[in-house]
Amino acid sequence: MPRAFVFDAYGTLFDVHAAIARHRTAAGADADRFSEVWRGKQLEYTWTLTLAGRYVDFWTLTERALDFAFARFPTVDRALRPKLLDAYLTLDAFPDARDALRALKARGETTAVLSNGTPKMLAAAVDAAGLGADLDAVLSVDALRIYKPRPEVYALVTERFACKPGDVVFVSSNRWDVMGAGAFGFHGVWVNRAALPEEYEPAPAAVLAGLEGLAAVA
């Protein structure tokens, strides 16, 4: 049996589109596309900076991506900026996140988060969702100043828990993240909430529509 179940945070435990959902009426007709661009640019910045050998923390990239989204969709009122950023610090957890973590802890498993988010962002989100008691560790790439899917990031888990990669089930809604984890040697579980097509190698150890069935994976 694997020793640790490790979760990506944004998109896996926390709904990255919850911020715009709280202000959908004020954002107007372009709200959904605005949120998609905000998220897409946030990730794009992590990849390009890491490839260039540079680092800017995830909160700053979140702000920059939001500013890009405002420029891309001028119909969305820029007065929403501080409200959207405040909302991003306390994103809603997916309804299945708390139950999945509690089921694993009840079984005696080790649980953790491994995220691109800064320690401050992660602490705020975990506290707002009430997940802290069900996590043994919250690990941030900020300790290394590089982003996923670099293998050094996944090594934070094996170093923290003094375990082998094969002892870890890594759970993410991002297929590229599952790819990086699998390449490192983790058992990757893809939470494919949006029913997206398969891509990348190695293949996930399991594909789930949500977190409900996670305790039965390994």
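Student: Which residues are exposed on the other side of α6?

Tutor: In this predicted model, Pro 95, Asp 99 and Ala 106 are exposed there; the term requires over 50% relative accessible area.

Student: What makes the buried residues of α6 a single side?

Tutor: The buried residues of α6 (residues 95-106) are Asp 96, Ala 97, Ala 100, Leu 101 and Leu 104. They span an arc of only 130° around the axis, and therefore lie on the same side of α6. Their cover includes β1 (4-7) and β2 (110-115). Just after α6, Gly 108 adopts a positive phi of about 90°.

Student: Why is α4 called oblique to α5?

Tutor: Helix α4 (residues 58-72) packs against helix α5 (residues 81-89) at an angle of about 140°, with the axes 11 Å apart. Roughly antiparallel would require an angle over 145 degrees, so α4 is oblique to α5. The contact involves residues of α4 including Trp 59, Leu 66 and Phe 70, and residues of α5 including Arg 81, Leu 84 and Tyr 88. The crossing of these two helices is right-handed.

Student: Which residues touch the most other members of the largest nonpolar core?

Tutor: Tyr 10, Phe 14, Phe 34 and Trp 38 do, within a core of 70 residues. Helix α4 supplies the largest share of this core, 6 residues. Beyond its neighbours within four places in sequence, Trp 38 is in contact with several residues, among them Thr 62, Leu 66, Leu 84 and Tyr 88.

Methods
Residues are numbered from 1 along each chain as its sequence is written. This is a predicted model: local features need pLDDT of at least 70, side-chain atom pairs count only at pLDDT 80 or more; totals for chains, interfaces and linings use all residues. Side-chain values use heavy atoms; hydrogens and water are left out. Buried means under 20% relative accessible area, exposed over 50%, partly exposed in between (1.4 Å probe, protein chains only). Helices (H or I, at least four residues) and strands (E, at least two) are DSSP runs, numbered from the N terminus. The arc is that of the directions from the helix axis to the C-beta atoms. Contact means heavy atoms within 4.5 Å. A nonpolar core is a set of buried Ala, Val, Leu, Ile, Met, Phe, Trp, Tyr and Cys residues joined through side-chain atoms within 4.5 Å. Axes are lines fitted to C-alpha atoms, for helices over the stretch in contact, and angles run from 0 to 180 degrees between N-to-C directions. Angles under 35 degrees count as roughly parallel, over 145 as roughly antiparallel, 65 to 115 as roughly perpendicular and the rest as oblique. A crossing is left-handed if the near helix is turned anticlockwise from the far one by less than a right angle, and right-handed if clockwise.
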